[in-house]
Amino acid sequence: MQFEKFIETLNSEEKSTFEKYSKIRGVQQYKIIFEVLNETNSNVKFNDVNSFVILDKAIKNVLFKYLGTLEEYIRNDILLRFDFDPDVELKKSEYHYFKGLPKCIKKNNPADEITDFYKMFTLNFGDLVSFIKEYDLQTYDTKKLDIITNLRNNVMHH
């Protein structure tokens, strides 16, 4: 059965659910899940497809919580152990990308000190990994961080 035909055969409650949640999750996601299920079972039910859509969101929410906690932990660790090189000129109010980040140095910052580095360092997870590869290879397993980065990107941007 084709996806379009599958949608046409939904009862009114299923159509209402589909119309509501496909606006949020995307018709494409429903279609992808339907097509995968349809390859193994020609009698796909809407409840099966919808359950996968809901489960996908639930898994994403759990992973997001753990990935976000890991990102915050690594960021805090870096903020405590590094600072901008005092000889560099800071040209931006925030640095979002590793490529544009001024030279940094190792420095033990007091836990309660609000440094310029603390205020301006806003790198995302992938750029945190780039920072670690450049400045701190001995603290983290960068191969595992690369795998986590890939997982994070697949989970958040699939």
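Predicted model: local features only at pLDDT ≥ 70, side-chain atom pairs only at ≥ 80, totals over all residues.
A crossing is left-handed if the near helix is turned anticlockwise from the far one by less than a right angle, and right-handed if clockwise. In the model, local features need pLDDT of at least 70 and side-chain atom pairs count only at pLDDT 80 or more, while totals for chains, interfaces and linings use all residues; side-chain values use heavy atoms, with hydrogens and water left out.

**Entry 1. Conventions**

I took helices (H or I, at least four residues) and strands (E, at least two) as DSSP runs, numbered from the N terminus. I used axes that are lines fitted to C-alpha atoms, for helices over the stretch in contact, with angles from 0 to 180 degrees between N-to-C directions. Two packed helices are described by the angle between their axes and the distance between the axes. I called angles under 35 degrees roughly parallel, over 145 roughly antiparallel, 65 to 115 roughly perpendicular and the rest oblique.

**Entry 2. H4 and H6**

I found H4 passing helix H6 (residues 125-135) in a left-handed crossing. Their axes lie 11 Å apart at an angle of about 40 degrees, and H4 and H6 are therefore oblique to each other. I then listed the contact (heavy atoms within 4.5 Å). From H4 come Leu-70, Glu-71, Ile-74, Arg-75 and Ile-78, and they meet Phe-125, Leu-128, Phe-131 and Ile-132 of H6. By class, I recorded seven nonpolar, no polar and two charged residues in the contact of H4 with H6. For these classes, Ala, Val, Leu, Ile, Met, Phe, Trp, Tyr, Cys and Pro count as nonpolar, Asp, Glu, Lys and Arg as charged, and the others, Gly among them, as polar.

Not counting residues up to four places away in sequence, Arg-75 touches Phe-121, Thr-122, Leu-123 and Leu-128. I also noted a separation of 40 Å between the C-alpha atoms of Arg-75 and Glu-19, which are 56 residues apart along the chain.

**Entry 3. H3 and H4**

For helix H3 (residues 27-40) and helix H4 (residues 46-81), I read an angle of about 120 degrees and axes 9 Å apart. That makes H3 oblique to H4. H3 passes H4 in a right-handed crossing. H3 contributes Gln-29, Tyr-30, Ile-33, Phe-34 and Leu-37 to the contact, and H4 contributes Phe-46, Asp-48, Val-49, Asn-50, Phe-52, Val-53 and Asp-56. By class, I recorded eight nonpolar, two polar and two charged residues in the contact of H3 with H4.

The 14 residues of H2 should span 20 Å, and the end C-alpha atoms are 19 Å apart, which agrees. Phe-18, Ser-22 and Arg-25 are the buried residues of H2, where buried means under 20% relative accessible area, exposed over 50% and partly exposed in between (1.4 Å probe, protein chains only). These buried residues pack against helix H1 (3-8), H3 and H4.

The axes of H2 and H3 are 6 Å apart, at an angle of about 110 degrees. That makes H2 roughly perpendicular to H3. Thr-17, Phe-18, Tyr-21, Ser-22 and Arg-25 of H2 meet Val-27, Gln-29 and Tyr-30 of H3. By class, the contact of H2 with H3 has four nonpolar, three polar and one charged residues.

**Entry 4. Tyr-30**

Tyr-30 is buried, with a relative accessible area of 1%. Leaving aside neighbours within four places in sequence, Tyr-30 is in contact with Phe-3, Thr-17, Phe-18, Tyr-21, Ser-22, Phe-46, Val-49, Asn-50 and Val-53.

I located Asp-83 in strand S1 (residues 82-84). Asp-83 is buried, with a relative accessible area of 10%. Although 22 residues apart along the chain, Asp-83 and Ile-105 have C-alpha atoms separated by 5.5 Å. Beyond residues up to four places away in sequence, Asp-83 touches Cys-104, Ile-105, Lys-107, Asn-109, Thr-115 and Phe-117.

I found Pro-102 in the loop between S1 and strand S2 (104-106). Pro-102 is buried, with a relative accessible area of 11%. Leaving aside neighbours within four places in sequence, I list Phe-84, Val-88, Leu-90, Tyr-95 and Tyr-135 as contacts of Pro-102.

How values were computed: Residues numbered from 1 in each chain as written. Expected span 1.5 Å × (residues − 1).
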